[in-house]
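The structure comes first, and the notes follow.

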Amino acid sequence: MHVIAFNGSPHEKGNTYAALRAVTEQLEAAGITAEIVQVGHLPIRGCAACNQCARNKDSRCVLPEDGVNAAIEKIRAADGVLLGAPTYYGDVPGPMKSFLDRVFFAGDYNCGGAFRYKVGAAVAVARRPGGRTTLDCLQRYLNCAEMFLPSTTNWPLVYGLKPGDVERDTEGQVYLRALGKNMAEYEALYDNVRAAWQKRYAAEPGRVFGDTQTGYVLALAFDLVDQKAPYAARLAQKIRENGDKLQTGFVGTPYLLRALSENGYTDLAYTLLLQTEFPSWLYPVTRGATTMWEHWDGLKPDGSMWSADMNSFNH
């Protein structure tokens, strides 16, 4: 397992670096490798709002390379992400903010959630006011990328003005070490759960126990299998064998189209979305529905109801 950390301070080995090291030392003690990359000294321009990354969907920013695309590649290859920044004028320094805007917009948001389900954490350094604002800003990127954020005994916010202040903040060090330990626990937990799931439900390559659409959707959406192609192919086959119709419930349906489109079956995803025969999203519309039904067959093609007792037509 590997964690990539980004130092948003212009000082290579200042207080922000010391805060990051307090966390990564705990990761390394648990057998997890960590790398700290300094970005706060780089002349990184802000997002140009050209939306070219949304059109290309290649996890790259089209602006001249200034460290952003290299960082995106490192995050995609890592199991976890750690962000650190000092507090300038009550917030994240400008270069770090511009860096994160472009990294998360081009690398994740406009590329189907490439950072999703990684473990993410953040630390902030401040002399007086603005530390909470800085920490909230950093954590917002991680939350919006659908990462798993480990908790700690208090905010991972430490005091820093002069060199060595972070090391002397004994209370803050407790919080940083706790964050590192919990981050390591999250990394190990994911790997253990994933291995146990594969052993129980994916013992046969390319097949999920039960051989259901939902089983394949969850395997793909939550990155539970190593080689996704055969599982995506089986999901597509199951859908086609069912007349280009879904057979998922409330567990699998929210992830169905994304699982298809992210694994090379965008056309099939659109076929499902625009399907009007039962069961489908648009079948209720053909029956006069203006709201989402509780059941795909709340009102059956022959006019009968699934049930007269528990059958919401505005669910």
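## The largest pocket

The model is predicted. Its largest pocket holds about 750 Å³ of space. The lining is made of 26 residues. Gly113, Ala114, Arg116, Asp223 and Lys228 lie nearest the centre of this pocket.

Two helices each supply at least two residues of the lining: helix 7 (170–201) and helix 8 (213–221). Helix 7 gives the most, with four residues. By class, the lining of the largest pocket has eleven nonpolar, eleven charged and four polar residues.

## The second largest pocket

The second largest pocket has about 400 Å³ of space. Its lining counts 19 residues, and the closest to the centre are Pro86, Thr87, Tyr88, Gly160 and Leu161.

Helix 1 (15–29) and strand 4 (119–126) each supply at least two residues of this lining. The class make-up is eight nonpolar, eight polar and three charged residues.

## The cavity

Rolling a probe the size of a water molecule over the atoms shows where empty space is left. How many cavities of 30 Å³ or more does a search of the whole structure find? The search finds one.

Helix 2 (52–56) and helix 4 are the elements that give two or more residues to the cavity lining. Helix 4 has the largest share, three residues. Ten residues of the cavity lining are nonpolar, two are polar and one is charged.

## Helix 8 against helix 10

Helix 8 also packs in contact with helix 10 (residues 253–261), and the two axes come within 9 Å. They cross at roughly 65°. The crossing is left-handed.

Which residues make the contact? Helix 8 brings Val217, Leu218, Leu220 and Ala221. Helix 10 brings Tyr255, Leu256 and Ala259. By class, the contact has seven nonpolar residues, no polar ones and no charged ones.

## Tyr255

Tyr255 is found in helix 10. Is Tyr255 buried, partly exposed or exposed? Its relative accessibility is 24%, so Tyr255 counts as partly exposed. The cut-off for buried is under 20%, and over 50% counts as exposed.

Leaving aside neighbours within four places in sequence, Tyr255 is in contact with Tyr117, Val217, Leu218, Ala221 and Phe222. Val217, Leu218 and Ala221 belong to the helix 8 side of the helix contact. Lys57 lies 198 residues from Tyr255 in sequence. In space, the two are 19 Å apart, C-alpha to C-alpha.

## Backbone exceptions

Most residues other than glycine have a negative phi, and most peptide bonds are trans.

Where is the cis peptide bond? A cis bond joins Phe278 and Pro279, with omega about -5°. Pro279 is found in the loop between helix 11 (266–274) and helix 12 (283–286).

Tyr89 is not a glycine, yet its phi is positive, near 50°. Its place is in the loop between strand 3 (80–86) and helix 4 (94–107). Tyr89 counts as exposed because its relative accessibility is 89%. Asp244 also has a positive phi, about 60°, without being a glycine. Asp244 is found in the loop between helix 9 (229–241) and helix 10. With a relative accessible area of 26%, Asp244 is partly exposed.

## The chain as a whole

The chain has twelve helices and five strands. Its C-alpha atoms fill a box of roughly 75 × 45 × 40 Å, taken along the principal axes.

Of the 315 residues in the chain, 46% are buried. Take the contacts with a separation of 6 or more: 67% of them are accounted for by residues 24 or more positions apart.

Notes
Residues are numbered from 1 along each chain as its sequence is written. This is a predicted model: local features need pLDDT of at least 70, side-chain atom pairs count only at pLDDT 80 or more; totals for chains, interfaces and linings use all residues. Side-chain values use heavy atoms; hydrogens and water are left out. On a 1 Å grid over the protein atoms alone, a cavity is a set of points where a 1.4 Å probe fits but cannot get out, and a pocket is an open set with protein on both sides within 12 Å along at least five of seven lines; lining residues have an atom within 4 Å of a point. Grid points are joined across faces, edges and corners, and a volume is the space filled by probe spheres set on the points. Ala, Val, Leu, Ile, Met, Phe, Trp, Tyr, Cys and Pro count as nonpolar, Asp, Glu, Lys and Arg as charged, and the others, Gly among them, as polar. Axes are lines fitted to C-alpha atoms, for helices over the stretch in contact, and angles run from 0 to 180 degrees between N-to-C directions. A crossing is left-handed if the near helix is turned anticlockwise from the far one by less than a right angle, and right-handed if clockwise. Contact means heavy atoms within 4.5 Å. Buried means under 20% relative accessible area, exposed over 50%, partly exposed in between (1.4 Å probe, protein chains only).
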